[in-house]
Amino acid sequence: MSTNNTFNTLNRRAFLRNSSLAGGGLLIGFNLFQACKPKVIAEPAIDLASLDYNDFNAFIKIADNGAVTIFSPNPEVGQGVKTSMPMIIAEELDVAWDNVYVEQGILDTNNYTRQVAGGSQSIRFGWDALRQTGAAAKQMLVSAAAARWGVDPSECTVSEGVITNAVGETLGYGDVVKDAAQLEVPENVPLKKTSEYKIMGKDTPNVDIDKIITGKSLYGMDYKTEGMVYASVLRPPAFGQKLVSYDDSAARAMPGVVDIFTIGEKLRGLAEAVPRITGIISDSDKIVVLANSTWEAMKAKKAIKAEWEEVTKAESTEEHDKILTNLLDGNKFETLRSDGNVKKALAEADQVLERTYESPFLPHSCMEPMNFFANVTEEKVHLVGPIQTPEGTAGFVAQLLGREADDIHLEMTRIGGGFGRRLYGNFAIEAAEIADKAKKPVKLVFSREEDMEDGIYRMSIKYRIKAGVKDGKVTAYHLKEAAVNSNMYGLVPNFFPAGAIENYQVDTAKYDSNITTGAWRAPYTNFLAYAEQSFFDELAELMEVDKIQLRLDLLDNVNPEEDERIQYSPERMKEVIKVAVDKSGWGKKPEDVHQGFVNYYCHNTHVAEVADVEIENGEPVLKKITCVVDCGIVVNPLGAKNLVEGGVLDGVGHSMFGELAFKDGKPTANNFDRYQLLRIKDAPVVETHFIDNGLSPTGLGEPTLPPAGGAVANAFKSATGNRLYKQPFTKTPELLKVPEKEIIG
């Protein structure tokens, strides 16, 4: 399967106005360039507002001192696109990175597309469009300079925004930009070779790092405007309940309270048009407290006496456990892929292995709680805040308020953690309904407890895997999934080991719950990778074969050219396995170091990880994870390494400790005193290696998380002799103990 994207050439009008470049590509209005003077370097502390900019379009502007400002269109959720996407266009445009300043773009459906932070796809989809945009711009500028000199463009070179001819004469981009704007946009412009990169492939600090470490305003929680009031919302205390009545007399008398009222009517109207919206937000009435500060609003909310009634059954984890098991035992499945005859192959097998793996609900645990600003006036609806899906959210708000799409002005702030939670703009919808009723600019802020009690959680899932072995080969593989609310998306059944086993089947079943669930970093694969890779280790033990060799042998069976459904590359997967074995010292560590291996593919990226567990004071301790990644060209190695390490540690932490249970419709934890995240003392060293193959970039925000749990589980098995079938692993502490050695004599 090819992961390269093809860029469709654009004519001049399309180049200047086209709004459908993949990944929110940056377009340059060349007639808007003012200047790019030779040998002019912008001072690091320059005041951008003071620069002499001419009229500006949505993408890029250049000041007369040579400073370039690029507006980054996609949401920045910590994945680094606000740094890496501008790096791509700056590289092909051939300007000095020191002269580039980056600002967050607003939602602009006329000029950008796919303004989404999700699926680890921003760089992958934007790669060709961003490069071609920069390269075409540079070529037009060079052609204009060459015409002025009366020479062939091929005789000219460009370096950091300065065009030089064969005799050494120079012109800055700004000197020729008006002439360049009159030219036809060139087709099939040559792009730089990787060996020519000056910006990409170099460690580049986060463009917001100074503001982050000095506490400057960047995040939704930081946003303030004149006349703004703060909102806190009293929602149903359990899933399946709705408001009956309330007494707010005590709350209204408290300091700072501006108003108290209910919302819900407009949301129910939206739900009639878009029924699926109730999958992310309760349609019950909710009680809103407006106050002059978040503290006053939250304090007053606690003084409200509300009565709630049960509309649908209050659910509990104990019940879910039985339901999912019954689904796996039943026969009502949707088959997502079926090769050969699994039932027949299992019946004829010499050996059969069957195992069940269980995972709990998980909250997203974003450092920045949900929040959003809204101001609804006759002229426009002004929205500001941290959102991964600005266009979809703006669309919901427009429907909610009965407004035109053009009435919605949405500004994106930097996001203090998303992991999929901010794909769902229920908090923005609430903020809009509150502001519409209040007729004031409103900032809605969740408390940490509200964030966890009214979340959109990773669904609880169980997997049952059954494999058959005949004549020393794996001949059958049957994967069953039972999940709360939704099942794996369509591509996952075509990940490894699809195509590697002749008789292969993937079946899914789900239970519809009133608990809101949704995408959580690396949806479905975040748990499936652990289940499958643990299973392969145990299968190798049953077959009495080498664990690495079993995986390599299976990859030898894969032929993507004959099966276009296959999503991964067996060759690229073999390479990450080979490098991981080498870099981790697999099989060569001292006796008291126990290793666990995994390989996995998701989000278009191939990963292999090896976990090292050492015995300290009779206890297994996770010390290190070696991670090898094939994500194609690495635009910003510094940012990429951060993503790899963060994904691995997130995967380790949640497989070891993460658990959220429900009792009578309520989560059993609503803060970090009862919900444990990975702590510094438990964090292993992460050693990162990238495969340098020159191929187009693929995803990186999510692919290193799913394999981590499997690597840890397999390493603990090596250390303790015990297999782990449930997450979190600390839920079964007896399986994490090292068996005492028998003392002889």
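Is lysine 717 buried or exposed? With a relative accessibility of 18%, lysine 717 counts as buried. Welcome to this predicted model, which holds 49 salt bridges.

**Lysine 717 and its partners**
- The side chain of lysine 717 forms a salt bridge with that of glutamate 541, at 3.5 Å from N to O.
- Lysine 717 sits in helix α18 (residues 705-720) and glutamate 541 in helix α14 (residues 525-543), so this pair ties together parts 176 residues apart in sequence.
- Glutamate 541 counts as partly exposed, at 31% relative accessibility.
- Both residues belong to a network of salt bridges that also links Asp537, Lys547, Arg551 and Arg723.

**Two further salt bridges**
- Arginine 148 and aspartate 179 meet through their side chains at 3.0 Å, N to O.
- Arginine 148 is partly exposed at 46% relative accessible area, and aspartate 179 is partly exposed at 38%.
- Glutamate 368 and arginine 422 form a salt bridge at 3.9 Å, N to O.
- Here the link runs between two loops: glutamate 368 lies between β13 (351-359) and β14 (371-376), and arginine 422 between β16 (408-412) and α12 (426-438), 54 residues apart.
- Glutamate 368 and arginine 422 are both buried.

- Isoleucine 213 belongs to helix α5 (residues 209-214) and counts as exposed, at 63% relative accessibility.

Technical notes
Residues are numbered from 1 along each chain as its sequence is written. This is a predicted model: local features need pLDDT of at least 70, side-chain atom pairs count only at pLDDT 80 or more; totals for chains, interfaces and linings use all residues. Side-chain values use heavy atoms; hydrogens and water are left out. Helices (H or I, at least four residues) and strands (E, at least two) are DSSP runs, numbered from the N terminus. Buried means under 20% relative accessible area, exposed over 50%, partly exposed in between (1.4 Å probe, protein chains only). A salt bridge is a side-chain nitrogen of Lys or Arg within 4 Å of a carboxyl oxygen of Asp or Glu.
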